[in-house]
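Thanks for coming. Please have a look at the sequence and the structure before I start.

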Amino acid sequence: MIAIQNINKRFKKLQALDNINAEFNKGQVISLIGPNGSGKTTLIKSILGLVRPDNGLITFNSVPVTEDVAYRSNIGYMPQIGRYPDNMKIGQLFSMIKNLRNTAKVLDEELYFKFKLDTLLDKSMRALSGGTRQKVSAALAFLFDPEVLILDEPTAGLDPLSSEILKEKILVEKEKNKLILITSHVLTDLEEITTDVMYLQDGKEIFFKSMAELQEQTGEEKLSKIIAHMMKNGLHKKEVSYLKIAT
Amino acid sequence: MLKISKYVLYDIIKNRVMIGYTAFLFIVSISMFQMEENSSKAMLSLLNIVLIVVPLISMIFSTIHWYNSYEFIELMLTQPISRKKVILSEYTGISSSLVTAFLIGVGIPVCIYNFNDTGVSLLLIGSLLTLIFTSLAFLASVKSKDKARGIGAALLLWFYFALIYDGLVLLILFAFSDYPLEKITLVLSSLNPVDLGRIFIMLNMDISALMGYTGAMYKDFLGSSSGMIYTLGILIIWMLVPLTIAIRSFNKKDL
Amino acid sequence: MKRILIILLLLSFYASQARTIIVGKNHIVTSLRKAVALAASKDTILLEKGLYKEGNIIINKPLYLIGEGEPILDGDNRYEILTVSTNGAIIKGIKFQNAGYSSTLDFAAIGVIDAQNIIIENNSFSNTFFAIHFANSSEALIAGNTIVGTFKSEQTSGNGIHLWKCNNIVVENNNIQGHRDGIYFEFVTNSIIQQNNSHNNIRYGLHFMFSNNDAYLENTFNNNGAGVAVMYSHHVLMQKNVFENNWGGSAYGLLLKEISDGTIVQNQFVQNTAGIVMESTNRIDVQLNSYRGNGYALRIQASCNENTVHHNNFQGNTFDVATNGTLMLNEFYNNYWDKYEGYDMNKDIIGDVPYHPVSMYSMVIEQNPNAVILLRSFMVSLLDKAEKAIPSLTPENMTDNKPLMKPLAL
């Protein structure tokens with residue numbers, strides 16, 4: 001569905017993305033993992049067209065993303081830090097986005113109601129806590145029932161209860177055979193849902209494998225253990241040689 | 001696009017600066033007409049408002065608004081909306097509200113007290129300068145990294161067009177006073193929208209002086225109907241070019 | 001005026017004793033030429049309505065030529081129509097058209113040579129090279145004539161009312177347009193020009209040279225190519241005239257060149273490129289005039305001395321006073337300047353700070369004409385403000401030390 005070919009991005013001195021290649025398909029739940037500044041968010045933003053890669057190509061359903069913005073109607077994006085017009089109220093924000101999208105699709109307002117946003121319609125965006133902001137972001141991302149969900153640190157700042165609601169929702173969407181892209185530092189969050197793992201470091205793609213493959217390779221069950229194993233034991237020979245070529 | 005502009009407008013109306021700007025222009029214009037016995041003197045003072053204050057406010061307001069609505073712009077760009085559409089909607093929203101503020105604040109008093117060629121040309125130039133300097137402000141904002149630099153760049157541009165440029169022209173006129181400079185002067189004034197606007201209004205105001213001992217050539221060219229079309233054409237180019245560059249640069253920008 | 005009345009009285013006295021010859025299609029005499037030949041001194045010729053093309057007719061005896069129902073005398077574009085060389089002729093109510101053009105002779109509709117006691121009244125003139133041409137004559141009244149020239153170039157058109165070497169002439173109530181100069185005075189003394197309207201002439205509305213002790217009053221001069229020029233004369237009174245809309249590269253309301261001991265009072269200068277231009281002008285008293293919306297209200301060349309400018313209103317002019325030198329030997333006081341920004345603490349309606357009527361930028365333009373393009377820019381107003389604080393370019397002694405706070409009722 002989304003194909004990434006030879007993407008490079010440099011911010012002044014920092015190589016944010018270094019020759020990334022990947023293909024994401026329906027039914028996959030891909031966990032983007034890596035330390036801070038490893039390029040996760042840059043990769044997501046590149047897919048969304050918010051960051052323009054220096055070279056390479058990103059296609060959505062084989063159409064380059066730079067060609068037509070219409071593909072974004074198939075993507076629900078939940079940013080790491082949701083930033084919204086300060087002087088808008090929650091109700092206005094939702095009605096504006098609905099108005100702009102003007103879609104005939106049946107809206108998925110499950111999160112909207114579960115997070116009780118309907119009781120906060122008159123709250124100004126300026127006055128919102130980080131957690132409520134996240135709820136707004138999440139509700140917006142799922143609202144149009146998109147084929148692709150891109151969730152950047154979805155559970156950060158959410159209280160445990162809401163976090164649980166969100167995770168359940170992600171699982172439901174996974175069942176609908178959607179493509180879901182998640183970054184998170186909290187590996188346990190990703191545990192039950194991940195099908196594939198992409199590990200980034202210093203803008204380089206260290207590995208991109210299915211859970212099954214990783215479990216087999218490391219002999220570990222849990223994602224956190226798998227990652228720890230991979231870090232501790234160094235990378236598999238194959239990856240090492242790959243790294244050499246890459247650098 | 002109009003849909004987005006609507007939200008931009010809504011946002012601008014809410015933050016009250018625009019209402020303050022309208023009220024400021026209105027009070028200043030009315031009091032000028034009230035204080036001066038003859039309206040032509042009031043028009044002279046208004047000319048300064050149009051040439052100095054209107055560009056300044058247009059630039060500062062547009063720049064600040066741009067940075068303040070960065071979140072909004074980001075949000076729009078996660079939606080299936082192209083960047084060009086977003087920036088053009090912002091431009092339409094800001095410039096139309098600035099022009100409206102100008103036309104209410106200055107336009108109504110002018111229509112009441114001095115509705116003639118001079119008045120109409122003053123309103124026309126004021127509106128065009130608003131559009132031009134909003135466009136320049138967009139360029140400065142898109143090109144600058146942060147708010148402080150953006151506002152700094154906008155102020156510098158304003159300072160350049162309002163003051164420094166004329167100083168340079170005067171220097172050139174004196175440095176090369178032995179040469180025939182009429183055509184060059186004409187070109188030089190086309191390179192500054194404030195100058196061009198000023199001359200346009202002046203030709204409707206001080207015709208006698210301009211036509212006088214020296215300015216006959218300017219009057220003959222710029223005062224003719226083809227000259228007016230030339231002036232307005234150049235001013236429109238002044239609006240379009242920075243905006244186009246801003247759109248291009250915004251298209252390549254990382255958010 | 002008194003003199004004219006006496007003339008009129010005398011003429012009417014003579015007329016009662018004289019015959020009247022009627023000229024017209026249905027009368028015995030059908031041609032003016034014949035009538036003039038038949039007439040004796042002091043006879044009246046009554047010209048009835050009709051078109052008369054009779055070439056040049058010379059009036060060499062005192063006749064009263066009166067038109068009835070506007071008869072037309074046509075010069076066929078070849079002849080001077082009437083040549084008057086006698087004393088005591090009257091020409092009234094006739095329409096003159098198509099006087100001849102000559103590059104060497106000053107052909108006119110009415111040419112008056114070496115004559116006295118002439119009245120030319122209520123005639124109309126169209127397409128005449130010169131309309132009324134007086135040479136070496138005196139004691140005449142030229143009144144109520146309507147003169148419309150055909151717009152040609154400066155070289156090929158003559159003057160509306162042309163007076164050369166005359167004295168005691170009254171030019172009154174005429175409407176003149178489309179000539180080279182509306183009214184032309186050369187070596188004319190003790191004469192009055194009043195209540196005329198001279199407009200849309202190619203060169204000057206009034207051209208006035210070597211003519212002393214004259215007055216022109218209550219005339220209107222507008223839209224003339226170069227305005228009004230008064231040159232090489234002394235003791236001229238200019239009162240209650242209106243000079244307006246004289247625009248152009250070298251146009252002015254009033255040009256004074258080598259004029260001395262004159263008075264300019266109660267005139268209106270409106271929307272001229274320059275209201276008054278003074279060159280080598282001495283001892284002129286300029287007072288109670290109103291200057292509105294001119295490019296320059298006054299341009300005083302450094303060659304002018306001892307002129308006084310007082311009790312005038314300066315309103316809405318781009319520049320109030322301009323000069324080309326730094327030395328000023330003329331006096332300004334008690335004028336109202338709308339650009340004056342001083343205060344009046346003691347409430348005597350006289351500003352407490354002197355006003356500098358010469359703006360710095362007018363001096364800049366004087367040196368560098370192209371700089372006019374920067375007029376009214378922010379930078380220029382800053383320069384002017386700076387100059388007011390520390391004068392360096394403008395003549396220091398060029399001030400009105402007692403400017404009025406309020407405009408005079410003029």
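Predicted model: local features only at pLDDT ≥ 70, side-chain atom pairs only at ≥ 80, totals over all residues.

Residues are numbered from 1 along each chain as its sequence is written, and chains are lettered from A and ligands numbered from 1 in the order in which they are written.

Start with chains B and C. I call two residues in contact if their C-beta atoms, placed from the backbone, lie within 7 Å. On that basis, 35 residues of chain B meet 29 residues of chain C. Several helices of chain B supply two or more residues to its side, among them H3 (39-68) and H8 (182-190). Helices (H or I, at least four residues) and strands (E, at least two) are DSSP runs, numbered from the N terminus. H7(B) gives the most, eight residues. By class, this side of chain B has 19 nonpolar, ten polar and six charged residues. Here Ala, Val, Leu, Ile, Met, Phe, Trp, Tyr, Cys and Pro count as nonpolar, Asp, Glu, Lys and Arg as charged, and the others, Gly among them, as polar.

Now chains B and A. In this contact, 19 residues of chain B touch 17 residues of chain A. Which helix of chain B gives the most to this side? H4(B) does, with six residues. The side of chain B that touches chain A divides into seven nonpolar, five polar and seven charged residues.

Next, chain C. It is split into domain 1 (1-225) and domain 2 (239-358 + 395-410), with bounds from an automatic or database domain assignment. Their C-alpha centres are 37 Å apart. Ten residues of domain 1 of chain C contact ten of domain 2 of chain C. On the domain 1 side, S23(C) provides the largest share, three residues.

Last, the core. A nonpolar core is a set of buried Ala, Val, Leu, Ile, Met, Phe, Trp, Tyr and Cys residues joined through C-beta atoms within 7 Å; buried means that 20 or more other C-beta atoms lie within 10 Å of a residue's own, the C-beta atoms being placed from the backbone. The largest core has 257 residues, and A:Ala139, A:Ile150, A:Leu181 and C:Ile110 touch the most other members. Helix H6 (residues 117-143) of chain B gives the most to this core, 14 residues. Not counting residues up to four places away in sequence, A:Leu181 touches residues including A:Phe24, A:Ile44 and A:Ile150.

Terms used
Buried ≥ 20, exposed ≤ 12 C-beta atoms within 10 Å, placed from the backbone.
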